[in-house]
Amino acid sequence: MRPSRFHGGLRLAGHKAESTADALRPCPPPPLLRLSLAQHAGRPARARVAVGERVRRGQLLGEADGELSAGVHAPRAGRIEAIRAGELPGFPGLPSIEVWLAVEGDESITLPPLEGLASEPTALRERIRAAGVVGLGGAGFPTAEKLAIGRELLILNGAECEPWIACDDALLREHADEVVLGGRLLARAVGAGRILLAVEDSMTAALDACRRAVAAHGGGAVELAVVPTIYPEGGERQLIQALTGREVPRGGLPRDLGVVVQNVATARAAWRAVVHGEALTERIVTVTGPGVVRPGNYVVPLGTTVAHLVAQAGGYTPDAARLLLGGPMMGLALPHDDVPLGKTHNCVLVQSAADVDAEAREPEMPCIRCGDCAPVCPARLLPQQLLWQVRAGRLDRAVDQGLFDCIECGCCDLACPSHIPLTAYFRHGKGEQRVREAEAERADAARIRHESRQQRLEREAAERAARDAARRDAATSSDAVAAALERARARRGDSGAAP
Ligand code: SF4
Ligand code: SF4
């Protein structure tokens with residue numbers, strides 16, 4: 001198919017080749033795996049094991065806490081060494097519970113295999129849920145939940161957003177057949193009659209593998225869609241627009257267009273869960289950049305630390321200066337490498353001092369209203385107007401103008417000749433607005449509590465007054481009866497004394 005073009009975006013220098021020269025490499029597990037119970041969007045899993053317990057590979061360590069949650073399974077056999085507080089990987093200061101697994105032994109368990117493409121949609125969704133499968137493109141949304149509402153079109157997203165990230169490229173080169181079969185499973189689970197497999201035009205080896213896999217396993221339902229390598233093509237909304245020509249409405253969701261987008265690695269994980277009964281316990285991670293000795297794509301047991309993975313890649317070069325979890329545009333800077341990797345972590349990028357210097361910002365200058373930031377915005381926003389509102393603290397107006405539609409891609413930063421860190425302003429504005437909304441909610445709740453208390457006090461006072469009045473009335477009427485009796489006795493000459 002011929003994709004159309006999404007709005008905005010930038011052509012950035014490609015850097016996949018640095019890590020895709022070799023085949024996928026296995027990352028042997030470290031002696032201790034640290035598994036966060038919050039490796040996905042939604043509620044953290046609840047621990048199902050106790051300290052000292054022996055577990056097998058594939059065993060449930062933490063069970064999903066409701067539908068918007070996902071289970072966490074043991075990547076290797078071993079013994080639970082601790083269940084303790086940790087930090088959400090990549091988000092210093094945000095708390096998480098970690099299960100520490102000392103790796104020993106090789107016992108494993110799997111779920112009973114299902115019938116693959118012949119399985120019922122409900123059984124497929126249940127299996128995908130039981131295996132702890134979540135969106136592996138970075139969002140970590142529980143996959144079964146995303147499949148719960150029927151759609152017409154499934155898009156398999158093999159378009160990687162950022163230039164250095166190559167884990168999906170590496171996956172498609174070697175496992176395109178399982179991606180295509182997994183895509184057909186996902187389509188069956190969500191009721192989609194059409195499947196588009198989106199791959200960037202620069203991923204030539206992956207494209208060849210996909211063509212072969214679609215011909216062999218597509219069953220006539222899978223269509224390969226070659227998309228231009230334009231950042232951020234892999235964004236869900238941008239990809240939908242590029243492939244269907246339709247835009248997800250502001251404040252809306254892909255399901256409003258009858259579309260569901262799943263990452264290619266998620267499709268493979270679903271296939272492994274259904275046909276092989278495997279829980280999601282490992283993922284492919286790109287380790288790359290001039291600060292690492294042997295860049296490559298590694299199959300990594302979840303809970304492996306960044307430090308251990310970088311050591312597998314030959315360690316740091318003398319040039320290593322900055323560590324990012326993710327790509328150069330949207331990645332999170334890590335203060336250290338003692339960070340366990342989870343289901344949503346697709347890349348460890350080690351930048352050099354030269355990279356850091358090149359990115360050092362020129363001093364911020366005033367906005368000259370050139371408008372260069374608008375044409376590159378993939379969310380069709382007007383960044384200079386948003387900036388104006390955020391700087392002035394008029395966050396309500398910024399929200400009206402689409403602040404929360406900003407995907408923080410950084411394209412406007414690169415386009416701005418005044419070197420204004422627009423994305424940082426928008427990130428700050430969103431955080432500030434969330435705080436204001438939370439405070440407004442708290443104030444509303446306090447006002448409602450105060451008003452209901454006042455109403456209760458007034459009601460109780462009214463009830464008390466009514467009771468007092470009734471008592472007074474009753475007392476008055478018994479006095480009147482006694483007086484009437486007295487008058488009657490008096491008329492009869494009855495003194496009231498006993499005869
Ligand atoms: S960071 Fe936000 S405003 Fe800037 S280009 Fe990206 S989506 Fe648009
Ligand atoms: S690109 Fe920079 S200087 Fe130009 S309008 Fe946008 S914010 Fe202002």
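## Charge, cysteines and salt bridges in a predicted model

In this predicted model, the helices α11 (395-400) and α13 (422-492) each supply at least two residues of a patch of negative charge. The patch lies on the surface, where Asp396, Asp400, Glu437 and Glu441 gather. Glu441 belongs to helix α13, and with a relative accessible area of 59% this residue is exposed, because the cut-off for that class is over 50%.

Helix α13 also holds Ala462, which is partly exposed at a relative accessible area of 47%. Between Ala462 and Tyr425 there are 37 residues of separation in sequence and 54 Å in space, taken from C-alpha to C-alpha.

Two groups of cysteines carry annotations from a record. An unreviewed UniProt entry gives the feature "binding site" at Cys377, Cys406, Cys409 and Cys412. Cys377, found in the loop between α9 (353-359) and α10 (383-391), is buried, with a relative accessible area of 9%.

The unreviewed UniProt entry also lists Cys367, Cys370, Cys373 and Cys416 under "binding site". Although they span 50 residues in sequence, no two of their C-alpha atoms are more than 10.6 Å apart, so this group too gathers at one spot. Cys367 lies in the loop between α9 and α10 and counts as partly exposed, at 34% relative accessibility.

Across the whole structure, a search finds 30 salt bridges, and the table gives some of them.

| Salt bridge | Distance, N to O |
|---|---|
| Lys16 and Glu160 | 2.6 Å |
| Arg268 and Glu178 | 2.6 Å |
| Arg447 and Glu451 | 3.3 Å |

In the salt bridge of Lys16 and Glu160, Lys16 lies in the segment before α1 (17-20) and Glu160 in the loop between β9 (153-158) and α4 (167-190), so the pair ties together parts that are 144 residues apart in sequence. Both Lys16 and Glu160 are buried.

The salt bridge of Arg268 and Glu178 likewise links distant parts of the chain, with Arg268 in helix α7 (residues 264-275) and Glu178 in helix α4, 90 residues apart. Arg268 is buried at a relative accessible area of 19%, and Glu178 is buried at 11%.

Arg447 and Glu451, by contrast, both lie in helix α13, four residues apart, or about one turn of the helix. Salt bridges that share partners also join Arg43, Arg46, Arg48, Glu63 and Asp65 into one network.

Notes:
Residues numbered from 1 in each chain as written. Chains lettered and ligands numbered in written order. Predicted model: local features only at pLDDT ≥ 70, side-chain atom pairs only at ≥ 80, totals over all residues. Heavy atoms only, no water. Patch = residues over 30% accessible without salt bridge, like charges linked within 9 Å, V, L, I, M, F, W, Y side chains within 5 Å. Areas by Shrake-Rupley, 256 points an atom, 1.4 Å probe, with all protein chains shown as cover. Salt bridge = Lys/Arg side-chain N within 4 Å of Asp/Glu carboxyl O. Lys, Arg positive; Asp, Glu negative; His and termini not counted. Charge placed at Lys NZ, Arg CZ, Asp CG, Glu CD. Buried < 20%, exposed > 50% of the residue type's maximum accessible area, 1.4 Å probe, protein only. UniProt positions renumbered as here; feature names shortened; annotations may be inferred.
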